[in-house]
Amino acid sequence: PDGTDYWSMRRYLKEFLSDERVIEEPRWKWWPILNLIILTVRPGRKGKDYATIWNNEKNESPIKTISRNQAVELAERLKDHDGIIVDWAMRYANPSTESRIQALKDQGCDRILLLPLYPQYAAPTTATAADQAFRALMKMRWQPAIRLAPAYYDDPAYIDALARSMRQSLAKLDFEPEKIIATFHGMPEKYFAAGDPYHCQCQKTSRLLREALGIAPDRWLTTFQSRFGNDPWLQPYTDKTVEALAKSGTKRLALVAPGFSADCLETLEELDSENRHYFESNGGEKFAYLPALNDSPEGIDVIEAVVRRELQGWI
């Protein structure tokens, strides 16, 4: 969102929750729920949540700050190739995908690589980001050539970067976690049943990461967070798992979110704040959220590896 105020949040949520890739309900059923109930109540509540993590210096969400930094760092890594321009965009709100594709074309770019920063493919994330780019292309008489980078959920560069980042984060803790939870953004079970590969890709990422770290299976859990609405979502749920672990006697817990390329509301507020509260209020003593790759050297290593591979034949 462009701001934490009611109307900024409402514009953002309206665009997001009107996306038919995100909410797969008939329009006649969803429109009144969204416009008469959700967009009346939710903007104020989510605005307060965003305010707790807001980058006040730049007056923007952390994910915008991090995404910009990722683009700047990637451009620096690719400066050995003349003529490569690196830009960034948001699927919802600003900077819009259409505006940045047009900006690239205005600078003379006739070949554009799109890299959705979702390691695991899902229709409500990767596909809708691609949809938005293609909508922009549909308005152009002279379209640039387009490549769409595939999901990189099991890419060795990605798994290695996650493992290196986690080792660094774990080494900074003043405790050793009894359990580690790899938590991924959830989705309704019916999307999985319809053929979405997301759940399987999350499970593979989690397994490969655990093996790379050499952590025993009984210390490692894979869960899903951020459910919305009344339909059953992918399970086990992160918040319920955190609460159950605390109640069963686990005193030291760490969470990591491998599916997020940048820390955002779902990690900084939901994981590091809400789930910390669930753990500590039910008997847990030591809790840590391990940061996403963000614009760290490890994070840029992943993006650079994918981009250099996908640009083969162009550079």
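Why does Asn-59 count as exposed? Its relative accessibility is 51%, and exposed means over 50% relative accessible area, buried under 20% and partly exposed in between, with a 1.4 Å probe and protein chains only. This is a predicted model, in which local features need pLDDT of at least 70 and side-chain atom pairs count only at pLDDT 80 or more, while totals for chains, interfaces and linings use all residues. Residues are numbered from 1 along each chain as its sequence is written, and side-chain values use heavy atoms, with hydrogens and water left out.

Asn-59 is found in the loop between helix 2 (27–51) and helix 3, and it has a positive phi of about 55° although it is not a glycine. Asn-294, in the loop between strand 6 and helix 11, also has a positive phi, near 50°, but at 13% relative accessibility Asn-294 counts as buried. Two peptide bonds are cis: one joins Asn-94 and Pro-95, with omega about -5°, and the other runs from Gln-235 to Pro-236, with omega near 5°. Pro-95 lies in the loop between helix 3 (62–77) and helix 4 (97–106), whereas Pro-236 is found in the loop between strand 4 and helix 9 (238–247). Most residues other than glycine have a negative phi, and most peptide bonds are trans.

Seen as a whole, the protein chain comes to eleven helices and six strands, where helices (H or I, at least four residues) and strands (E, at least two) are DSSP runs numbered from the N terminus. Buried residues make up 48% of its 315 residues. Among contacts (heavy atoms within 4.5 Å) between residues at least 6 apart in sequence, 75% join residues at least 24 apart.

The interior can be followed through its nonpolar cores, each a set of buried Ala, Val, Leu, Ile, Met, Phe, Trp, Tyr and Cys residues joined through side-chain atoms within 4.5 Å. The largest has 30 residues, and those with the most contacts inside it include Met-166, Leu-213 and Trp-220. Among the elements that give two or more residues to this core are helix 6 (156–171), helix 8 (198–213) and strand 4 (220–225), and the largest share, six residues, comes from helix 6. Leu-213 touches Ala-163, Met-166, Arg-167 and Trp-220, not counting residues up to four places away in sequence. A second, separate core of 16 residues includes Met-9, Leu-34, Tyr-50 and Leu-265.
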